[in-house]
Amino acid sequence: IMQLKKSQISFFLILGLVIFLIVIAGFFIYNNIKKTKIEQEAKKIAEISLKAEEIEKFVNDCIRKVSFEGLKRLGQTGGYFDVPKLISFKGMSYWHLEQVNIQPFLNQTQERLIEYVNVNLPKCVENGNLSKFGFLIEKRKPLTFIEFGNSDVTLKISYPIKLSREKFTKEFSEYFTTFNIRYRSIFEAASEINEKLFDADFDVNGPFKKLGHLRNLDFDISYKNQEKDVMVFTIIDR
């Protein structure tokens with residue numbers, strides 16, 4: 001009987017040890033599974049975050065693309081996006097017509113560029129097919145501020161965008177970009193040329209006789225007579 005009891009005790013001790021080992025093993029397995037899930041979740045969030053950064057970069061690229069296209073268009077037409085037919089000449093706008101100065105003001109071209117960016121930026125973003133990234137995207141209308149400096153053009157744009165996917169959320173809104181384009185200086189030089197056209201002694205065959213100082217601005221300034229009584233001046237900032 002005593003031997004039986006000892007055997008039972010040994011059996012219970014071994015059984016207890018086995019159960020203890022199973023508990024320890026289960027604990028480690030559970031922790032490993034939990035750790036693996038956390039690592040997988042972190043990896044997944046990191047991948048989603050990278051995709052969100054791609055979207056933010058794409059929006060910034062759209063801002064630069066649309067803004068530059070707008071600036072280029074203003075320069076090609078003389079300050080308009082849609083030149084009124086009455087003052088249009090081969091896609092360009094007259095600044096001087098029948099002895100009347102009809103050039104636009106600098107702040108008018110600024111307002112037109114702001115409107116152009118506000119209208120065309122959302123279109124550029126929509127064309128990017130951002131739904132392929134799997135986000136729920138909430139956007140508001142952009143609000144653009146533009147400054148024509150003496151040596152550059154600065155844009156500050158508030159364009160709130162919220163991205164949501166599973167447990168991930170990201171919001172961004174403020175953008176800042178600069179172009180090394182001397183738009184203000186070009187416009188002021190063009191204005192000075194236009195004003196000289198009203199001088200009684202203005203020489204159509206030598207229009208730069210009184211404008212030689214504009215060469216100091218490091219611009220390429222030229223002109224040509226497109227047709228009778230039509231002079232086209234070109235200012236290029238290389």
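Helix α2 (residues 106-126) comprises 21 residues and spans 31 Å from its first C-alpha to its last, close to the 30 Å expected at 1.5 Å a residue; the expected span is taken as 1.5 Å times one less than the number of residues. The model is predicted, so that local features require pLDDT of at least 70 and side-chain atom pairs count only at pLDDT 80 or more, whereas totals for chains, interfaces and linings use all residues. Residues are numbered from 1 along each chain as its sequence is written, and side-chain values use heavy atoms, with hydrogens and water left out.

Within α2, a kink of about 30° is located at Asn 120, shortly before the proline Pro 122. The bend at a residue is defined as the angle between axes fitted to the seven residues ending there and the seven starting there. The buried residues (under 20% relative accessible area; exposed is over 50%, and partly exposed lies in between, with a 1.4 Å probe and protein chains only) of α2 are Leu 106, Thr 109, Leu 113, Tyr 116, Val 117, Leu 121, Cys 124 and Val 125. An α-helix has 3.6 residues a turn, so residues three or four places apart point the same way.

The chain as a whole contains 3 helices and 10 strands, assigned as DSSP runs (H or I of at least four residues for helices, E of at least two for strands) and numbered from the N terminus. Their order from the N terminus is α-β-β-β-β-α-β-β-β-β-α-β-β. Of the 238 residues in the chain, 33% are buried. Among contacts (heavy atoms within 4.5 Å) with a separation of 6 or more, 58% involve residues 24 or more positions apart. The accessible surface of the chain is about 16,000 Å², with 56% belonging to carbon and sulfur atoms; these areas come from the Shrake-Rupley method with a 1.4 Å probe, and for residues only the protein chains shown count as cover.

Most residues other than glycine have a negative phi. Glu 98, which is not a glycine, has a positive phi of about 50°, and Gln 99 has a phi near 65°. Glu 98 is exposed at 73% relative accessibility, and Gln 99 is likewise exposed at 60%.

Strands β9 (residues 220-227) and β10 (residues 230-236) pair in the antiparallel sense over 7 bridges, where pairing requires that DSSP find at least two bridges between two strands. The two strands form a hairpin with 2 residues between them, and Asp 229 in the turn has a positive phi of about 65°. Ser 222 has Thr 234 in β10 as its bridge partner. Phe 233 also belongs to strand β10 and is partly exposed, with a relative accessible area of 24%. Leaving aside neighbours within four places in sequence, Phe 233 is in contact with Ile 193, Leu 197, Pro 207, Phe 208, Ser 222 and Tyr 223. The C-alpha atoms of Phe 233 and Asn 194 are separated by 9.2 Å, the two residues being 39 residues apart along the chain.

In strand β7 (residues 153-165), Thr 154 is buried at 12% relative accessibility. Apart from neighbours within four places in sequence, the contacts of Thr 154 are Phe 145, Ile 146, Glu 147, Phe 176, Thr 177 and Thr 178.

Side chains of opposite charge can pair when their charged atoms come close. A search of the whole structure identifies 9 salt bridges, each a side-chain nitrogen of Lys or Arg within 4 Å of a carboxyl oxygen of Asp or Glu. One of these joins Lys 170 and Glu 56, with the closest N and O atoms 3.1 Å apart. Because Lys 170 lies in strand β8 (residues 168-179) and Glu 56 in helix α1 (residues 2-77), the pair ties together parts that are 114 residues apart in sequence. Glu 56 is partly exposed at 26% relative accessibility.

A further salt bridge links Arg 184 with Glu 188, the closest N and O atoms being 3.8 Å apart. These residues are 4 residues apart in helix α3 (residues 183-196) and are therefore separated by about one helical turn. Arg 184 is partly exposed at 27%, as is Glu 188 at 41%. Asp 199 forms a salt bridge with Lys 196, with a closest N and O separation of 3.9 Å; Asp 199 is partly exposed at 28% relative accessibility, and Lys 196 is partly exposed at 25%.
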